[in-house]
Amino acid sequence: MIKTMMLTRHISTRNIVATLLLISAMLVGWIADAVTNPAAAIVFNIGNGSPAEIYIQVGRRNSISRVRFRVANDDVGSGNPVSGNRRIDIQLLIRAPAASPLTGFLTVDSSTPLNNGSGATIPVSEISWTASSGDIPSDSFAGTSNQQLASFNSSVRVTDRHTFSYKNRNIYDAGTYNGQVTYTWFAP
Amino acid sequence: MVRTLGRLLLLLVCLQALPSQAQRLSDALSQQQQINIEFDWKHHNTGDELDTKEFNAVVAHARNVNTRLDTSDFVDTQARIFLGLPVQVRGLNNPQRLSVSWTTNGLFQNGEVTPGNRRLIFEGRISEPVMQDIFNFTFEMDARFLSEMLRLEPVYEIEIISP
């Protein structure tokens, strides 16, 4: 029995060496597989060519929208506001990639008063508006050339509906008074 | 002890015989190495019909990209080939905001993939040492997450089905 056990230990040593060699060879093969990682040859470099865009539409596209205020004879200068005959939608758009963001500014020029063609005038500051969504807040025309109404960061689309009102605080000569305000939407 | 080592040896042999993990395929044989393109707005009509995603979508195209894959080590094997994108893309804030789609001339399948994923483009017998096809790539993403120039390297991988 002792002789058998001695013979068994001799064979085990050779087996251990052979097995260790085999394990080492296999590990080298697996490691070689793991590090064999050819670099990519085709590389796409994609630049930010999309230009910044801003857009404004006041009322109907490509036309001047008219708002009329009809003040009854017995109500002139009463202080009772008179609503305009229509509401005007103002649509703004500004978009730019995140790499080059923009801020847009909406201004209005109401510096030229309404006039009746005979020299009588009514300042545009007598007209105010109420905003539907409030994105372009309710206010009154300032009667200046560069009144800032709102600003927005890219990228955004804004639509607001304005209902105009004549304040009817003063008495003016009877007649039809015409005037125009100009909205400007810009990103410096 | 002998029996234990024998079992270990058998296990190691069996593991070595299992199908290989995915291996990277080189496209270094391809003709054009650096492809410079530009994003542009996908939709130039900026009306209310566009939702937010469409409104901010930018797209770039790389057409007629002659792609040659080195399959010389795998000739006469049954294999699958995949096209994938790394999860990290330089210039991209959010991997989910970019998608890459492609059409080919027919050897490889058309497909679409997002960063961190891959798409099967071929399954069958590898018969040539170089597999070549013409790709037309389209890159689309949300401009709000475009922080700088994108640098994108498609990754091609092969898995052996049977030797």
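Over all chains, a search of the whole structure finds 11 salt bridges, a salt bridge being a side-chain nitrogen of Lys or Arg within 4 Å of a carboxyl oxygen of Asp or Glu. This is a predicted model, in which local features need pLDDT of at least 70 and side-chain atom pairs count only at pLDDT 80 or more, while totals for chains, interfaces and linings use all residues. Residues are numbered from 1 along each chain as its sequence is written, chains are lettered from A and ligands numbered from 1 in the order in which they are written, and side-chain values use heavy atoms, with hydrogens and water left out.

**Chain A as a whole**

Select chain A, which has 1 helix and 11 strands. Helices (H or I, at least four residues) and strands (E, at least two) are DSSP runs, numbered from the N terminus. Of the 188 residues in chain A, 31% are buried; buried means under 20% relative accessible area, exposed over 50%, and partly exposed in between (1.4 Å probe, protein chains only). Chain A exposes about 11,100 Å², and carbon and sulfur atoms supply 53% of that area. Accessible areas come from the Shrake-Rupley method with a 1.4 Å probe; for residues, only the protein chains shown count as cover.

**The sheet in chain A**

Next, colour strands E2, E3, E10, E7 and E8 of chain A: in the order E2-E3-E10-E7-E8 they form an open sheet of 5 strands with antiparallel pairing. Strand E2 (53–58) and strand E8 (139–140) stand at the edges with a single partner strand each, so one side of each has no neighbour in the sheet. Two strands pair if DSSP finds at least two bridges between them. Strand E3 (residues 82–95) and strand E10 (residues 156–166) of chain A run antiparallel and are joined by 10 bridges. To see one of these, select A:Ile88 and its bridge partner in E10(A), A:His162.

**Two salt bridges in chain A**

Show the side chains of A:Arg95 and A:Glu53, which form a salt bridge with the closest N and O atoms 3.0 Å apart. A:Arg95 is in strand E3 and A:Glu53 in strand E2 of chain A, 42 residues apart. A:Arg95 is buried, at 0% relative accessible area, and A:Glu53 also counts as buried, at 18%.

Then select A:Asp89 and A:Arg161, whose side chains meet in a salt bridge (2.6 Å, N to O). A:Asp89 lies in strand E3 and A:Arg161 in strand E10 of chain A, so the pair ties together parts 72 residues apart in sequence. A:Asp89 is partly exposed at 23%, as is A:Arg161 at 35%.

**Strand E10 of chain B**

Move to chain B and select strand E10 (residues 130–142), which runs antiparallel to strand E4 (residues 57–70) and is joined to E4 by 12 bridges. Within E10(B), B:Asp133 stands opposite B:Thr67. E10(B) is also joined to E7(B) by 7 bridges, again antiparallel, and B:Phe135 is the bridge partner of B:Thr104.

In strand E7 (residues 98–104) of chain B, pick B:Ser99. B:Ser99 is buried, at 18%, and touches residues including B:Val113 and B:Phe139; contact means heavy atoms within 4.5 Å.

Finish at B:Asp142 and B:Arg97, whose side chains meet in a salt bridge (3.7 Å, N to O). B:Asp142 is buried at 5%, whereas B:Arg97 is partly exposed at 34%.

Technical notes: Lists of a residue's contacts leave out its neighbours within four places in sequence.
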